[in-house]
Amino acid sequence: MQHASPSPIVWPDSLDRGEPPSLAVWKFASCDGCQLSLLDCEDELLAVAGRVAISYFPEATTAMVSGPYDVSLVEGSITTAHDAERIRQIRRQSRLLVTIGACATAGGIQALRNGRDVDGFRSIVYAHPEYIDLLAESTPIADHVPVDLELRGCPIDRSQLLQTLAALLDRHALRLPTTSVCVDCKARGTSCVMVAHGTPCLGPITQAGCNALCPSFHRGCYGCFGPMESPNVPALRTQLELLGLDGAGIDRLLDTFNGPAFAEFEQEPESGPP
Amino acid sequence: MTLAQRWAGVDPGSVSSEPAAEWWLMRAGDLHRLVSLLTVEFDEVFGPVAVDGVIRVRQIHSLADLPIGVTEEQETASYRLHETGTALRFSYGLGPDSLKSIVHPPRSPVWTMRRQDGSLVVDPALHGTTTRAVIGARACDIRALEILERTQTGGPHADPAFTARRSELFVVAIDCTHPAPTCFCKTAGQGPAADQGFDLAVTELDDPNGVVYLVRAGTDRGRSMMFALHLGYAPPRQIERRTRALEEANRDFIRELPNDASDVVRQTDHPQWEVVAERCLTCGNCTAVCPTCFCTDMEDRVGLDGETATRTRVWDTCFSQEYSHLGPGPHRASTAARYRQWLSHKLGTWHDQFGESGCVGCGRCITWCPVGIDLTAEIESLSLDPLSRPSEEMP
Ligand code: SF4
Ligand code: SF4
Ligand code: SF4
């Protein structure tokens with residue numbers, strides 16, 4: 001279950017002990033793209049090289065330090081029984097656990113297999129299917145252990161990652177957007193691709209964070225950042241049908257990067273106290 | 001001496017004491033000279049520009065930046081621009097941008113902070129002396145500018161950023177001869193012709209001998225600009241044609257804002273709020289395109305080195321849960337509560353707060369709502385007896 005609206009993060013007191021906080025980066029089922037976003041921040045990271053101790057980051061360094069870690073960044077989804085055990089160990093060694101990217105926060109593209117014929121896929125794809133030990137579903141990290149903060153996206157946004165590190169280093173409040181991608185379209189002056197071109201777009205139900213990248217290139221939003229705080233999926237479905245998509249086409253659009261997360265909002269939004 | 005210097009002693013808001021009998025006649029070449037003069041006299045000139053199939057308000061550098069021979073069709077959740085082959089430059093209705101994008105932009109710096117000798121130093125943002133002009137403002141936009149101005153400068157703490165951008169803004173209005181079917185300015189305030197609040201106002205008319213522009217001045221600085229261009233007065237025949245064109249435009253309105261809208265939207269328990277909530281995406285497009293929606297949030301960013309910080313004012317929307325997030329959580333958690341906040345503030349409590357309606361009838365929220373929620377239809381449903389649960393029509 002995703003945290004629809006991130007609650008303010010409480011930085012552990014242990015971060016106050018005067019040493020640079022130790023950072024570990026962990027990988028589960030994923031493409032490495034989110035970790036690479038971290039490497040992509042090299043200029044900024046050099047500036048803080050002395051302020052944070054990177055203790056475990058196989059993608060970037062061969063040095064490995066055993067825990068505990070102040071902060072663990074976790075990429076990828078849980079797809080095997082071994083993964084499910086490993087994330088518990090990591091949680092025990094981490095003061096703060098931050099999931100990064102759609103795989104870790106929603107199960108990722110590999111969650112397309114959820115509810116489908118996994119054995120069938122396995123025998124088609126692998127020469128020796130008996131070597132492949134898979135769980136029936138690809139699930140987000142938060143389904144297995146408590147998560148302190150989620151950075152959404154496929155991949156995550158560099159600037160959100162840096163803001164998170166800055167907030168961590170100086171123990172200040174971190175605020176990530178919870179509103180729709182439309183808010184960013186309007187702020188940057190991108191004309192709505194649905195209204196002006198009739199292009200199907202997931203922007204109205206997707207959380208801002210990418211600065212409305214796809215609509216700025218005349219594409220509809222693919223929902224990389226998952227559901228915004230109060231996504232009205234049924235109402236958007238109705239509009240996408242008016243724009244010419246059929247049910248299967250809409251399913252396909254919703255299923256791409258954050259399928260299981262959007263699926264939680266297929267019902268009419270509950271009418272709370274007015 | 002530049003016009004800016006000539007205007008040094010002129011109160012930019014002062015309305016000319018002479019009767020509005022001065023009508024100047026411009027042709028395309030004169031319009032070109034007017035735009036050139038604006039670009040010389042002002043640091044930034046804004047006007048309509050066709051970008052990706054939509055008329056936007058952007059900075060322009062010459063008349064060539066303006067669209068020519070295009071018109072648009074708009075309806076609930078739909079906007080399409082197409083070519084007409086005419087030489088007209090203003091024969092289309094409103095796009096998504098109002099003057100809000102100029103005077104109250106989506107992001108506006110507030111201050112930067114830095115560590116210096118063990119203490120924190122705050123450098124407030126400078127709002128500068130950039131002078132600005134806009135060509136193509138519509139009557140409803142001018143009304144909206146005044147409403148927005150009241151919200152930002154009407155109290156004891158006038159916003160310096162808004163004041164700096166607004167006070168010297170030179171406004172060239174365009175009378176709407178092609179209102180969109182989504183417009184309802186006639187019943188919501190001013191329009192389709194601008195009758196005040198401009199420096200110059202222009203009516204574009206198609207003429208067998210080429211397009212003509214009839215110009216009138218609303219301020220002394222507008223008048224001095226007309227004199228600087230050495231323009232001739234318009235013949236009465238053209239002024240009659242203008243009257244007819246506007247009469248025709250005035251007949252085109254199919255939507256309206258009823259007189260009792262202010263009461264209707266205050267029925268907090270009306271079942272229609274739940275009905276519209278089934279369609280509303282809480283995406284915030286309506287508040288972003290509304291020329292009078294003014295709410296903002298503060299965005300603080302601290303540098304990775306921990307030595308500097310910036311505060312930026314950014315547009316916010318009452319359709320966001322975070323907007324009403326107090327200690328225990330958002331107090332407008334439901335979509336119904338948020339849609340009701342938008343409509344009942346705009347049309348109801350805005351009267352209590354600012355002494356007028358917050359809606360000028362531009363229709364932008366109708367066109368740019370991705371699911372085509374139409375506030376005039378919502379008002380109609382809210383006017384029905386709350387006991388007979390009204391059914392929602394799809395766009
Ligand atoms: S393009 Fe998509 S994200 Fe942007 S305003 Fe339109 S619906 Fe929203
Ligand atoms: S409420 Fe809608 S019609 Fe009224 S001023 Fe705002 S955008 Fe225009
Ligand atoms: S009324 Fe329309 S534009 Fe406004 S928040 Fe709801 S769906 Fe979005």
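Me: How many nonpolar, polar and charged residues does the shell around ligand 3 have?
Reply: This is a predicted model, in which local features need pLDDT of at least 70 and side-chain atom pairs count only at pLDDT 80 or more, while totals for chains, interfaces and linings use all residues. Residues are numbered from 1 along each chain as its sequence is written, chains are lettered from A and ligands numbered from 1 in the order in which they are written, and side-chain values use heavy atoms, with hydrogens and water left out. With Ala, Val, Leu, Ile, Met, Phe, Trp, Tyr, Cys and Pro taken as nonpolar, Asp, Glu, Lys and Arg as charged, and the others, Gly among them, as polar, the shell around ligand 3 has ten nonpolar, three polar and no charged residues.

Me: Which residues come nearest to ligand 3?
Reply: A residue is near a molecule if one of its heavy atoms lies within 4 Å of it. There are 13 residues around ligand 3, and those that come nearest are B:Cys280, B:Leu281, B:Cys283, B:Cys286 and B:Cys369.

Me: Why is the site of ligand 1 shared between chains?
Reply: The residues that surround ligand 1 include A:Cys182, A:Cys185, A:Cys192 and A:Cys201, and B:Asn285 is also one of them. The site is shared because the residues around ligand 1 come from chains A and B.

Me: Which helix gives the most to the shell around ligand 1?
Reply: Helices here are DSSP runs of H or I with at least four residues, numbered from the N terminus. In chain A, α7 and α8 (193-197) each supply at least two residues of this shell. The one that gives the most, with four residues, is α7(A).

Me: How many charged residues are in the shell around ligand 2?
Reply: Among the residues around ligand 2 are B:Cys290, B:Lys346, B:Cys359, B:Cys362 and B:Cys365. By class, this shell divides into nine nonpolar and two polar residues, and the number of charged residues is one.
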